[in-house]
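I opened this entry to keep track of what I looked up, beginning with the backbone and then going on to packing and charged pairs.

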Amino acid sequence: MRTEPWRGGWQAACRGWAWLLAGAFALSCAGGARAVVFQSWTLDNGARVMFAESRALPILDVAVDFRAGSAFDPPDRIGLAALVQHLARTGAGGLGEDEIARRLGEVGAQLAGRVDPDRAGFTLRTLSSRVERGAALDVFARVVQSPALPELPLARERSRVSEQLRGEA
C-alpha cells in the first residue's frame, strides 16, 4: 500500500514523515578545524532531528525533508511532488511570492527546495545573528507549515511546462 503524504495537507506529512536537519554546517577550511559533533533526537510528533554545530562561521543552515518525493506521485499526476514543492515557495502563511522574496532578501537569506524519488524538502541558509535568523526562520516556518499554493503561480507554472513540452515535441 502506497502512502500519499499530500492527502491531509503538508502539516500531516510533516507530523508523519518530516526529517528536520538543523545546524550550522559551515566548516572552517583552516587546518585547525575541530570535528563537528552530531546530535539527534525524535520530537513528540515523530519528526527526527539531526543537529550539528560549528561556530567557525556565523551561518545557520536548516533543511526539512518530507517523505513526499516523486515516487509518491500518482500515475496520472507525474510531477506533482515537484509542483507542490515549488508552489509552496510562492505563497505561504499570509505572504505572497514577492513578500517572501523581499523578507529573505532583506536579511540575505536563501530559500531553496528539492525533490528526489524518496523525499521533497526545503532548505534555508541565513546569518546566525538574532535579527537575521529570526526573520529568515519566520518565513521558512510559514513556507513549511502553511503553504498557500496560490492559483496565479500555478497557472504560470502550467503555462511554462506546456511551453517547454511543446518545444521538445
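I started in the loop between α4 (130-145) and α5 (151-168), where Leu149 lies, and I keep in mind throughout that this is a predicted model. Phi of Leu149 is near 50 degrees, a positive value in a residue other than glycine. I also looked up its accessibility: Leu149 comes out at 34% relative accessibility, and therefore counts as partly exposed, since the buried class ends under 20%.

Next I turned to helix α2 (residues 80-88) and asked which of its residues are buried. I noted Leu80, Ala81, Val84, Gln85, Leu87 and Ala88 as buried.

For Phe140 I listed the contacts, leaving out residues up to four places away in sequence: Val62, Val64, Leu111, Phe122, Thr123 and Leu124.

For the charged pairs, the count comes to 13 salt bridges, and I followed three of them.

Asp65 pairs with Arg114, with the closest N and O atoms 2.6 Å apart. This pair links distant parts of the chain, as Asp65 is in strand β4 and Arg114 in strand β7 (residues 110-115), 49 residues apart. Are the two partners buried or exposed? Asp65 counts as buried because its relative accessibility is 2%, whereas Arg114, at 29%, counts as partly exposed.

Glu97 and Arg156 meet in a salt bridge through their side chains, at 2.9 Å from N to O. Glu97 lies in helix α3 and Arg156 in helix α5, so the pair ties together parts that are 59 residues apart in sequence. Glu97 is partly exposed at 30%, and Arg156 is partly exposed at 41%.

Asp138 forms a salt bridge with Arg103, the closest N and O atoms being 3.6 Å apart; Asp138 sits in helix α4 and Arg103 in helix α3, 35 residues apart.

Definitions and conventions. Residues are numbered from 1 along each chain as its sequence is written. This is a predicted model: local features need pLDDT of at least 70, side-chain atom pairs count only at pLDDT 80 or more; totals for chains, interfaces and linings use all residues. Side-chain values use heavy atoms; hydrogens and water are left out. Helices (H or I, at least four residues) and strands (E, at least two) are DSSP runs, numbered from the N terminus. Buried means under 20% relative accessible area, exposed over 50%, partly exposed in between (1.4 Å probe, protein chains only). Contact means heavy atoms within 4.5 Å. A salt bridge is a side-chain nitrogen of Lys or Arg within 4 Å of a carboxyl oxygen of Asp or Glu.
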